[in-house]
Amino acid sequence: MNSEKAPVRLPLSTVTLVFGALSLPFAFARHLVSLAVVLGVLAIAFGVWGRRRAERHLLRYTDSSIRHARTGQWMGLVGLAFALVMWVLWRTNILLQ
């Protein structure tokens, strides 16, 4: 019997990808900017957690799930930055002038 286990998906990798992807369009919707901030922060937190877990357990998780977590983390970071900029622009009424 083979003692090596087949690689499994990294927990929350798909959630990280979806949260990161949703933070981008929500950052540009006036009433969804705060939701974009929350989704961006969660995507970053889940991405960091996933990377740490993947580094600690080498060859345990599939490459695609690690890639999803990394991509979601970066999209969450970009979505968070966009959301914060848009929040400031909406708050200062620069967009309405």
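Colleague: Leaving aside its neighbours within four places in sequence, what is I66 in contact with?

Modeller: This is a predicted model, and in it I66 touches L10, A54 and Y61 once residues within four places in sequence are set aside.

Colleague: How far apart are the C-alpha atoms of I66 and L10?

Modeller: They are separated by 6.5 Å, although I66 and L10 sit 56 residues apart along the chain.

Colleague: OK, on to helix 3 itself. How many residues does helix 3 have, and how far does helix 3 reach?

Modeller: Helix 3 has 29 residues and reaches 41 Å from its first C-alpha to its last. That is close to the 42 Å expected at 1.5 Å a residue.

Colleague: Which residues in helix 3 are buried?

Modeller: The buried ones are S65, A69, G72, Q73, G76, G79, L80, A83, M86 and W90.

Colleague: And what do the buried residues of helix 3 pack against?

Modeller: They pack against helix 1, which is 13–26, and against helix 2.

Colleague: Let's do helix 2, then. How many residues does helix 2 have, and which of its residues are buried?

Modeller: Helix 2 has 24 residues and spans 35 Å from first C-alpha to last, close to the 34 Å expected. Its buried residues are V33, A36, V37, L39, G40, A43, I44, G47, G50 and A54. These pack against helix 1 and helix 3.

Colleague: Which residues make up the largest nonpolar core?

Modeller: There are 9 residues in all: A27, V33, A36, V37, I44, L80, A83, M86 and W90. Helix 2 and helix 3 are the elements that give two or more residues to this core. As background, nonpolar side chains tend to be buried together in soluble globular proteins.

Colleague: What does A27 touch, not counting residues up to four places away in sequence?

Modeller: A27 touches V33, A36, G79, F82, A83 and M86.

Colleague: Where do L42 and V38 lie, and why is each of them called partly exposed?

Modeller: L42 is in helix 2, and V38 lies in helix 2 as well.

Colleague: How far apart are V38 and P25 in space?

Modeller: They are 13 Å apart, C-alpha to C-alpha, and 13 residues apart in sequence.

Colleague: One more topic: backbone angles. What is the phi of L12, and what is the phi of N93?

Modeller: Phi of L12 is near 70 degrees, a positive value in a residue other than glycine. For N93, phi is near 60 degrees, also positive in a residue other than glycine. In general, most residues other than glycine have a negative phi.

Colleague: Where are L12 and N93, and are they buried, exposed or in between?

Modeller: L12 sits in the segment before helix 1, and its relative accessibility of 37% makes L12 partly exposed.

Methods. Residues numbered from 1 in each chain as written. Predicted model: local features only at pLDDT ≥ 70, side-chain atom pairs only at ≥ 80, totals over all residues. Heavy atoms only, no water. Helix = DSSP H or I, 4+ residues; strand = E, 2+ residues; numbered from the N terminus. Core = buried A, V, L, I, M, F, W, Y, C linked by side-chain atoms within 4.5 Å. Buried < 20%, exposed > 50% of the residue type's maximum accessible area, 1.4 Å probe, protein only. Contact = heavy atoms within 4.5 Å. Expected span 1.5 Å × (residues − 1).
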